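I opened this model to look up a few helices and side chains. My entries follow in the order I made them.

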Amino acid sequence: MKQHDETRREYMTLAMELKRMFSEGAKDKETMMILEMLREGISKETIAKCARVSVEYVVELGKMNHLL
């Protein structure tokens, strides 16, 4: 594959796209978890600690989804 520039380029593009999709998928799961915890009435501080994000992020996400 290293000898064929076009094939190598296509492989790298595919690898980068898969990495981006995985990253977005993980972020979507994190967002859904945070929103569900807000719906359950769990404190913003506890959610931030569990999700390893800032309290400000939890608040912003909650406001954007009409939960706060």
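**Entry 1: Thr 31**

I looked up Thr 31 and found its place in helix α1; helices (H or I, at least four residues) are DSSP runs, numbered from the N terminus. The model is a predicted one, where local features need pLDDT of at least 70 and side-chain atom pairs count only at pLDDT 80 or more, while totals for chains, interfaces and linings use all residues. Residues are numbered from 1 along each chain as its sequence is written, and side-chain values use heavy atoms, with hydrogens and water left out.

Is Thr 31 buried or exposed? I read a relative accessible area of 17%, so Thr 31 is buried (buried means under 20% relative accessible area, exposed over 50%, partly exposed in between, with a 1.4 Å probe and protein chains only). I left aside its neighbours within four places in sequence and noted that Thr 31 is in contact with Tyr 57 and Leu 61 (contact means heavy atoms within 4.5 Å).

**Entry 2: helix α3**

I listed the buried residues of helix α3 (residues 55-64): Val 58, Leu 61 and Gly 62. Seen down the axis of α3, they fall within an arc of 100°, so they line one face of the helix; the arc is that of the directions from the helix axis to the C-beta atoms. On the face turned away from this buried side I found the exposed residues Glu 56, Lys 63 and Met 64. Just after α3, I noted a positive phi of about 60° at His 66.

**Entry 3: α2 against α3**

How do the axes of helix α2 (residues 44-51) and α3 cross, and at what angle? I read roughly 115°, with the axes coming within 8 Å (axes are lines fitted to C-alpha atoms, for helices over the stretch in contact, and angles run from 0 to 180 degrees between N-to-C directions). That makes α2 roughly perpendicular to α3, a term for angles of 65 to 115 degrees. From α2, the contact is made by Lys 44, Glu 45, Ile 47 and Ala 48, and from α3 by Val 55, Val 58 and Val 59.

**Entry 4: the salt bridge**

I counted 1 salt bridge in the structure (a side-chain nitrogen of Lys or Arg within 4 Å of a carboxyl oxygen of Asp or Glu). The side chains of Arg 39 and Glu 36 form it, at 3.4 Å, N to O. Both lie in helix α1 (residues 5-39), 3 residues apart, about one turn of the helix. An α-helix has 3.6 residues a turn, so residues three or four places apart point the same way. I noted Arg 39 as partly exposed, at 47% relative accessible area, and Glu 36 as partly exposed, at 37%.

Note on methods. Helices (H or I, at least four residues) and strands (E, at least two) are DSSP runs, numbered from the N terminus. Angles under 35 degrees count as roughly parallel, over 145 as roughly antiparallel, 65 to 115 as roughly perpendicular and the rest as oblique.
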